[in-house]
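Let's take a walk through this protein together.

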Amino acid sequence: MSPLVPNSYSYTLGVGALNGFIVAILLLRARGQRLANRLLAGLVAVVALRLVPYILGYAGFYDAYPWLSFAPFDHPLAVGPLLWLYVVVLTEGVLPRGWRWHLLPAAVHAALWSAVFIVASVPQKTAISDELLPFITPVIAFGGSAGFGWYTLLAFRRYEAYQRYLDDNLSSREEYRLGWLRALIVLLGVTAVVMTAFVLAEWFVAPLDYFDEYPLYLWLAILCYAVGLLAWRGSATVYPVPGDTGAKDAGLLREIVRADDRQGAADGDANNETSSADERSIALSEGSTRAEMDWQVLGERYAAEVRAGEWWRDTTLTLPVLARKLGSNTTYLSRALNTGLDTTFNGFVNRLRAEAVAERLRKGDDRELLDIARESGFNSKASFQRAFREHVGGTPGEYRRRVREDGMAPGG
């Protein structure tokens, strides 16, 4: 094969790797969430580094300089843990307990490869490559891709738990829906599947050489671009974590991940809080067999008090703050909303806000829509538009036009 062909392969992958290294440096310098950005920088750098052996191999460097063998460029066991740790830190603000154990396999692999690279002579490296690598490489590759897939699944569960946590604790959370993070996790999940497919093909179909694996590494080069673009979107934003919203249990998000439903999360929110006597009487008045009705009664009572106090106008309203206003606790309030009224805290508050805007429009308020929305508790156009469509129907502009045309609210 012409030497120009592998060189063109090298150039293509080289551009992708260079982009990854640049993104990693930018993430290290980004302000906001430094620890999360450092983990993400490590993830992007590991993906970019994985391209380096193939950039060198396609260009013929390993043939010309055999001492480069075992250079510690490839770290397949690090990608999955770095992704999971990044999502944990992004959503909790701190590293989980025992986080070093998740990176230990990658550290051991890197240390062994580095030792062989530094200590072994070229003949020794050749002997290891011929005698041991045919058995070791597939195991490491499969372990890396399988672990990558498992950690990606854990990261996605963490993302979904975080969305539930925000729904149950924040009234204004539109800017924290993190669509870019979901896309990043899905993209890396697809990558894990692709990598596993190549490993299985190597095991059960036929041995793959450098050129057979080129599509995989072209995909990784594209991945460097995609991850860089997605990661940069969230690099400067500091996202709320359980402690920020006043929750007493800083590990609440971990409880949500382990729970089968939101009820388990609500139960773990305030172990040390006490409930009022009349709340207990409502919850227990008709016995455990009527628990659903009891929570509905309590939810309706809370809703009436919130409407009367117009507390939904507070743009920074959170579950703990509202619980204190009601003289209750987060456990009771969360269960009353989730079980009794079949809604989340976010849905409950934003329904009241959207209904307040609709009422102002029915009364002929001619002010700017965003002014009415802010007065009603919305702190962003995105959250206002989404809540109005969900709870009233259509956009606020369309609603106002129909009201003006009909002289009354749509639907009576």
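Start with Val139, which counts as exposed because its relative accessibility is 54%; here buried means under 20% relative accessible area, exposed over 50%, and partly exposed in between, with a 1.4 Å probe and protein chains only. Keep in mind that this is a predicted model, where local features need pLDDT of at least 70, side-chain atom pairs count only at pLDDT 80 or more, and totals for chains, interfaces and linings use all residues. Residues are numbered from 1 along each chain as its sequence is written, and side-chain values use heavy atoms, with hydrogens and water left out.

Val139 sits in helix H7; helices (H or I, at least four residues) are DSSP runs numbered from the N terminus.

While you're at H8 (residues 179-204), look for Thr196. Its side chain makes a polar contact with the side chain of Ser145, at 3.4 Å. Such a contact is a pair of N or O atoms within 3.5 Å; within protein, one must be able to donate a hydrogen and the other to accept it, and residues adjacent in sequence count only if both atoms are side-chain atoms. Setting aside neighbours within four places in sequence, Thr196 is in contact (heavy atoms within 4.5 Å) with Phe142, Ser145 and Ala146.

Now hop to the loop between helix H1 (4-29) and helix H2 (34-58), where you'll find Arg31. Arg31 and Thr237 are 206 residues apart in sequence, yet 8.4 Å apart in space, C-alpha to C-alpha.

Most residues other than glycine have a negative phi. Glu310, though not a glycine, has a positive phi of about 50 degrees, and Asp342 has a positive phi near 55 degrees. Glu310 belongs to the loop between helices H13 (291-309) and H14 (319-325), while Asp342 lies in the loop between H15 (330-340) and H16 (345-362).

The structure also holds 11 salt bridges, each a side-chain nitrogen of Lys or Arg within 4 Å of a carboxyl oxygen of Asp or Glu. Arg360 pairs with Asp365, with the closest N and O atoms 3.3 Å apart. Asp365 counts as buried because its relative accessibility is 9%. In helix H17 (residues 369-375), Asp371 and Arg374 lie 3 residues apart, about one turn of the helix. Salt bridges that share partners also join Arg360, Asp365, Arg367 and Glu375 into one network.

How far can you trust the picture? The predictor's confidence in each residue, pLDDT, runs from 0 to 100. The chain's mean pLDDT is 82, and 85% of its residues reach 70 or more. Over residues 245-275, though, pLDDT stays under 50.

Terms used
Helix = DSSP H or I, 4+ residues; strand = E, 2+ residues; numbered from the N terminus.
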